[in-house]
Amino acid sequence: MTENITAPRPAFTLTIAGSEATGGAGAQADLKTFQELNTYGMVALTCIVSFDPKDNWNHRFVPVEPQVIADQLEAIQTCYSGSLDTVKLGMMGSPATIDTVATALKSQSWKNIVLDPVLICKGQEPGHALDTDQALKSQLLPQATFVTPNHFEAEQLSGLSITNEAELIAAAKKIHEVSGAAVLAKGGVRIEGEDAIDVFYDGETLEVLREKKIGDLAVSGAGCSLAAAITAELAKGAAPLEAARTAKAFVTEGIRNRVAGQTPFDALWQGGRRN
Ligand code: PXL
């Protein structure tokens, strides 16, 4: 139904991601970022994470039924068929979810599929992630046009160990080789030195994005917000490198203006650059 609509419509952005109830990460971070960057955001929820204050803020994780994930995507993809061409993939959490999402993605063509290959969150054991890692590599990575691995995920996806800038560059190149996607490999606070560095590589251009570190602790929602900001910029027509630069600046301001709660980590504020 489109009568009497005269204003240009906002760019559409979809995230397929998990809920993180306290609002720092996951679908909440994505949606806030989409809105902040002037796009029309949508969510298909894959799982519900509730930190447990009685257990050191560890994650309680409940997957959404595969059929319910498929139903959400059917609603979204049918409602905006022909208009929606940009999607972000966040936390999947299980091979069954990845299967469902991979199938839904194949039902239409996309300009931009931004894969944030979330394997574990702060405080989780790496062992939980290995079957998800395999499914991500075989079913989602080949469809992605842009991938945003953090330090741990870049090691998993490249098979390389990463302790410095040169190794982060090598990993970004390897992940591009196996995926064909533009890559932003995030060093964050995990590579030693004064700067938080992220390596962009798309097969032609290599650029190391740098910002002075703001403290030495990882901030919840930084990775989600970075990938969501890339998604929003791509949806509005930016080129991949331009999207990565804008996203890095967005996240830096969000970290500078982070919010503190009772958790051992602070949360990024997506409205930070308004301060
Ligand atoms: O930051 C990664 C992440 C993504 N998605 C959800 C999460 C987290 C970390 O807490 O809970 C739902």
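Select Glu233 to begin: this residue is buried, at 11% relative accessible area (buried means under 20% relative accessible area, exposed over 50%, partly exposed in between, with a 1.4 Å probe and protein chains only). The model is predicted, so local features need pLDDT of at least 70 and side-chain atom pairs count only at pLDDT 80 or more, while totals for chains, interfaces and linings use all residues. Residues are numbered from 1 along each chain as its sequence is written, and side-chain values use heavy atoms, with hydrogens and water left out.

**Salt bridges**

Lys236 is partly exposed, with a relative accessible area of 41%. A search of the whole structure finds 15 salt bridges.

Next, select Arg245 and Glu207, whose closest N and O atoms are 2.9 Å apart in another salt bridge. This pair links distant parts of the chain, 38 residues apart: Arg245 belongs to helix α8 (residues 240-256) and Glu207 to strand β9 (residues 206-212). Helices (H or I, at least four residues) and strands (E, at least two) are DSSP runs, numbered from the N terminus. Arg245 is partly exposed at 43% relative accessible area, and Glu207 is partly exposed at 22%.

Then select Asp52, Lys54 and Arg60, which are linked in a network of salt bridges. Within it, the closest N and O atoms of Lys54 and Asp52 are 3.3 Å apart. Lys54 counts as exposed at 70% relative accessibility, whereas Asp52 counts as buried at 12%.

**Helix packing**

Two packed helices are described by the angle between their axes and the distance between the axes. The contact (heavy atoms within 4.5 Å) includes Leu226, Ile230 and Glu233 of α7 and Ala243, Ala247 and Phe250 of α8.

Now show helix α1 (residues 26-36), whose axis comes within 8 Å of that of α7 and crosses it at roughly 40°. The two helices are therefore oblique to each other. Among the residues that meet here are Ala29, Asp30 and Phe34 in α1 and Ser225, Ala228 and Ala232 in α7.

**The sheet**

Select the strands. Nine of them form an open sheet in the order β3-β2-β1-β4-β5-β6-β7-β8-β9, with mixed pairing; two strands pair if DSSP finds at least two bridges between them. The edge strands, each pairing on one side only, are β3 (58-63) and β9. Helix α2 (residues 66-79) packs on the sheet, touching β1 (11-20) and β2 (39-52), and its direction makes about 165° with that of β2.

Select strand β8 (residues 195-201), which pairs with β9 in the antiparallel sense over seven bridges. Phe200 has Glu207 as its bridge partner in β9. On the other pairing, five bridges join β8 to strand β7 (residues 182-188), again running antiparallel, and Leu184 has Phe200 as its bridge partner in β8.

Seven of the seven residues of β8 are buried, so this strand is largely enclosed by the rest of the structure. Both of its faces are covered: Asp195, Ile197, Val199 and Tyr201 lie on one side, and Ala196, Asp198 and Phe200 on the other.

**Turns and a loop**

Move to the ends of β8. The hairpin of β7 and β8 has six residues between the strands, and Gly193 there takes a positive phi near 130°. The hairpin of β8 and β9 has four residues between its strands, with Gly203 in the turn at a positive phi of about 100°.

Leu217 counts as exposed, at 65% relative accessibility. Its C-alpha atom is separated by 9.3 Å from that of Gly188, 29 residues apart along the chain.

Definitions and conventions
Salt bridge = Lys/Arg side-chain N within 4 Å of Asp/Glu carboxyl O. Axes fitted to C-alpha atoms, helices over the stretch in contact; angles between N-to-C directions. Parallel < 35°, antiparallel > 145°, perpendicular 65-115°, else oblique.
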